[in-house]
Amino acid sequence: MNFIISFPGLKDVLVKKVEEVGEIIRIYVEMDRQENRCPKCGNKTNRIHDYRVQKVKHLKWFERKTELFYRRRRYVCTCGKRFAEANSFVERYQRGSIEWNQAITIKAITAKTFKEVAEAYGTSPTTVIRRFDRIAKEESHQIGPLPEVIAIDEYKGDTEEGKYQVIIADGITREPIDILPNRYKTTIKRYLQKHGAQVQMVTMDMSPSFKAAVQEALGKPAIVADRFHFCRYIYWALDKVRRRVQQDFHAYDRKKCKKIKRIFYKGYDQLSQEERWLIERYLNLSEELERAYRLKEAYREWFTRAKDLGASQIRLVKQELEQLLERFEREGIPEMQDVIKTFKNWETEILNSFVYNYSNGFLEGINNLTKVLKRNAFGYRNFERFRAKILLSHRYKRIGKHIG
Ligand SMILES: [Zn+2]
């Protein structure tokens with residue numbers, strides 16, 4: 001057998017023989033004899049010095065482990081220099097072919113664990129991690145200026161750098177851009193000073209340190225409070241009231257009331273008949289719970305109206321929010337007082353969420369994927385590696401699906 005077929009990754013390679021040894025396929029290959037340039041003097045030569053057989057790991061072929069037995073030729077130049085011929089499929093000192101190395105690199109990014117990749121490619125996890133770290137290092141230097149609209153959020157990453165990490169994403173394309181090792185104000189501030197010159201709008205949850213970092217680093221970009229996050233304060237407050245008042249209920253009602261807590265979050269107009277009956281039963285047991293519930297409903301009404309009125313009537317939205325907060329104040333329910341404070345501190349940012357149509361909702365999806373990555377790898381203590389894994393996983397979502 002002596003033929004040239006363009007196998008993937010084996011361009012211009014002469015296949016001398018293919019054999020099966022147990023489960024392994026061996027492909028015996030050579031390069032054509034041709035003039036090679038001497039690395040020492042630059043002259044061309046095709047004078048053969050000797051051959052050495054090199055075993056090279058290659059991609060599976062017909063689902064079999066495949067090894068190349070490369071009979072590597074060495075030339076000798078008139079100047080005396082001996083050198084290995086050029087070839088297209090394996091780099092010097094490598095035990096795997098170029099294709100094999102590339103496949104491992106891509107799989108190291110997209111697969112669940114490094115171990116799984118190592119097993120599939122017949123190599124050690126250390127080798128896989130080394131490939132991964134190399135591409136991670138190359139890619140991590142590619143963080144350029146941040147876009148005009150960014151979203152900031154935190155998630156629990158539990159790395160050696162800190163319990164919480166901060167994710168920064170493009171508010172328009174919704175692609176994650178970077179991950180910061182911790183959520184301290186100085187960390188975020190320094191990062192924004194370095195990369196944020198073009199940022200004009202930032203969406204975020206209601207973290208005072210995020211806000212301070214943005215304002216101190218970037219001056220006055222528009223900050224948009226994420227709707228989901230500010231709405232949550234209302235539901236949390238109602239929940240606290242429920243937990244407090246139900247302590248005075250009889251055991252049966254206390255358990256039952258806890259069990260149906262989700263019904264409290266729903267809009268009254270969206271409840272089924274049975275749910276209404278349940279809600280009313282517990283609102284009748286506590287006058288304070290009923291007032292808290294009505295405040296929540298009033299809030300829902302304002303929120304729906306604010307979405308409808310939007311940017312064109314933002315003054316009216318503002319006015320109605322202020323009236324609503326006065327009502328919260330008048331009711332004097334302790335758990336609801338914190339809500340007033342938070343909403344007053346974040347009034348502009350909350351109103352901005354009705355002026356601009358940006359939210360942090362999509363980050364939820366990114367953070368969920370992060371949780372999966374973390375679980376699969378039993379946590380990534382090494383922050384840089386985890387950061388790269390998250391960012392590269394998103395970047396390679398559409399690449400390498402059919403490799404390996
Ligand atoms: Zn030479």
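Four donors count as tetrahedral if all angles lie between 85 and 135 degrees. In this predicted model, the zinc ion has 4 donor atoms with angles of 102 to 117° among them, so its site is tetrahedral.

**The zinc site**

The protein donors are the SG atoms of C38, C41, C77 and C79, lying 2.2 to 2.4 Å from the zinc ion. Along the sequence, these donor residues follow the spacing C-x2-C-x35-C-x1-C.

**Aromatic pairs**

The structure holds 18 aromatic pairs. One of them joins F230 and F303, whose ring centres are 6.3 Å apart; their planes stand at 70°, so this pair is edge-to-face. F230 belongs to helix α6 (residues 227-245) and F303 to helix α10 (residues 287-309), which means that the pair ties together parts 73 residues apart in sequence. Both F230 and F303 are buried. These two residues also belong to a cluster, linked by ring pairs, that includes Y299, W302, F343 and F354.

**Charges over rings**

Which residues place a charged end over a ring, or lie over its face? The table lists two cases, with the distance to the ring centre.

| Charged residue | Ring | Distance to ring centre |
|---|---|---|
| K17 | Y28 | 4.6 Å |
| R71 | Y51 | 3.7 Å |

K17 lies over the face of Y28, and the charged end of R71 sits over the ring of Y51.

Methods: Residues numbered from 1 in each chain as written. Predicted model: local features only at pLDDT ≥ 70, side-chain atom pairs only at ≥ 80, totals over all residues. Heavy atoms only, no water. Donors = N, O, S within 2.8 Å, 3.2 Å for Na, K, Ca; no water. Tetrahedral: all angles 85-135°; square planar, octahedral: opposite > 155°, others 65-115°. Phe/Tyr/Trp six-rings, centres within 6.5 Å; stacked < 30°, edge-to-face > 60°. Helix = DSSP H or I, 4+ residues; strand = E, 2+ residues; numbered from the N terminus. Buried < 20%, exposed > 50% of the residue type's maximum accessible area, 1.4 Å probe, protein only. Lys NZ or Arg CZ within 6 Å of the ring centre and 35° of its normal.
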